[in-house]
Amino acid sequence: MVHRTVIDTQRLPPAERFGMWLDLVARTSTPLRIRSDHQHDFRASAEIIDLGPVRLLRYRYPSLEAVRTAKLVRRSEVDYHLLALTLNGTGVVGQAGRQSRLDAGEFTFYDGSRPHEVSHFGEEGDQRYAASVVALIPYGALPVPPERLSPLLAGRMSASEGLGALVAQYLTRITAFPEQYRQADAERLGGVALDLISTMLGRHLVAEDDVPREVRRRALLAQVRDHVQRRLGDAGLTPGSIAEAHHVSVRSLHRLFEQEQTTVASYIRELRLARCRRDLADPALAHRPVQAIATRWGFRDKAHFSRVFRAAHQLTPQEYRTLHLQQARMVNNPASGVNPGSPY
């Protein structure tokens, strides 16, 4: 899986925990002057995931206040921006004369090379933990010049709608389930993150034309794929409905997929078939009728589903199910004597 580093201060005695956290932040992000009411017993954790040009950090910590002073800026060179997503609690960020209050489900963006202030407070209750995901983005990795991004510093951006929701979903999923991704895919995952983030920032600047066309194309493709995967069970999912949801023409949508050497319809069909194969081979769903599985994934017509499935796999859906369930039984009970090569 992708390489990750997990840090948990609770592995140390209480008196050493806060010092460990200060060292971690200085080494993995920007050196900061940090204070907290929990310094005597700072129970916090961090996961650090490197995706080529992008570093992702998922934090969980007690309430804290942090300042990057002009003195710290002079002592430590930093050449990257930070995109921070508040997962839990409330925060306040200030930079370049601007200050914003952040709630859970909101992004902020700031420049690590310039003085700034960040406070994050956990919600009321027994735990009072704050949580966030931070993406560290080197200057050269963004297609927009750093000076063009100044209007966004210490601002608020929604992570619950539009492209912001997709960026948030992408970053939180990778950091929550890194074991689902291979190290060989790290560079590509980081590239997708950059495309999505660059396009989101461009939209908030009302300067999307500053983002290269290919970056915007890849970001749109990621949006469309996410849209399709979340609506596979909708029989009304068509190129027309997809194009309308993304404010592009059907012709533009087809051109988007031509560069991927497939068609919109083929992409939808292959995803639906993959979901059907998974469910048909699942012993836990053996009681569910074949047509119920097909309907769940958007195949409303029984004859059409059977025809499409057989064309793709040279077996009927029922034959496919029988074969794979028998193979599963053989794995779990080798003494059963069932021939896994037979579909009957």
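Contact, as the word is used throughout this tour, means heavy atoms within 4.5 Å. The model is a predicted one, in which local features need pLDDT of at least 70 and side-chain atom pairs count only at pLDDT 80 or more, while totals for chains, interfaces and linings use all residues. Residues are numbered from 1 along each chain as its sequence is written, and side-chain values use heavy atoms, with hydrogens and water left out.

**Stop 1: aspartate 41 and its arginines**

Select aspartate 41, which sits in the loop between β2 (33-35) and β3 (45-51); helices (H or I, at least four residues) and strands (E, at least two) are DSSP runs, numbered from the N terminus. Once residues up to four places away in sequence are set aside, aspartate 41 touches Pro14 and Arg17.

**Stop 2: other salt bridges**

By that rule the count comes to 16 salt bridges. Select glutamate 106 and arginine 156, whose closest N and O atoms are 2.6 Å apart in a salt bridge. This pair links distant parts of the chain, with glutamate 106 in strand β9 (residues 106-111) and arginine 156 in the loop between β11 and β12, 50 residues apart. Glutamate 106 counts as buried at 13% relative accessibility, whereas arginine 156 is partly exposed, with a relative accessible area of 47%; buried means under 20% relative accessible area, exposed over 50%, and partly exposed in between (1.4 Å probe, protein chains only).

**Stop 3: threonine 175**

Select threonine 175, which lies in helix α3 and is buried, with a relative accessible area of 2%. The side chain of threonine 175 makes a polar contact with the side chain of arginine 58 at 2.8 Å, and a polar atom of the threonine 175 side chain lies 2.9 Å from the backbone oxygen of leucine 171. Leaving aside neighbours within four places in sequence, threonine 175 is in contact with Glu47, Ile49, Leu56, Arg58 and Val133.

**Stop 4: two backbone angles**

Most residues other than glycine have a negative phi. Select alanine 154, in the loop between β11 (129-138) and β12 (157-158), where phi is near 60 degrees, a positive value in a residue other than glycine. Histidine 247, in the loop between α6 (239-245) and α7 (250-258), likewise has a positive phi near 60 degrees. Is each of these residues buried or exposed? Alanine 154 is buried, with a relative accessible area of 0%, while histidine 247 counts as exposed at 74%.

**Stop 5: between the domains**

Finally, colour the chain by its domain assignment, which gives domain 1 (4-210) and domain 2 (214-331), bounds of this kind coming from an automatic or database domain assignment. The contact takes ten residues from domain 1 and eight residues from domain 2, and the C-alpha centres of the two domains lie 35 Å apart. One salt bridge is counted between domain 1 and domain 2; to see a salt bridge at arginine 218, select this residue with aspartate 195, the closest N and O atoms being 2.5 Å apart. On the side of domain 1 that touches domain 2, α3 (162-176) and α4 (186-204) each supply at least two residues, and the largest share, five residues, comes from α4.

Note on methods: A salt bridge is a side-chain nitrogen of Lys or Arg within 4 Å of a carboxyl oxygen of Asp or Glu. A polar contact is a pair of N or O atoms within 3.5 Å; within protein, one must be able to donate a hydrogen and the other to accept it, and residues adjacent in sequence count only if both atoms are side-chain atoms.
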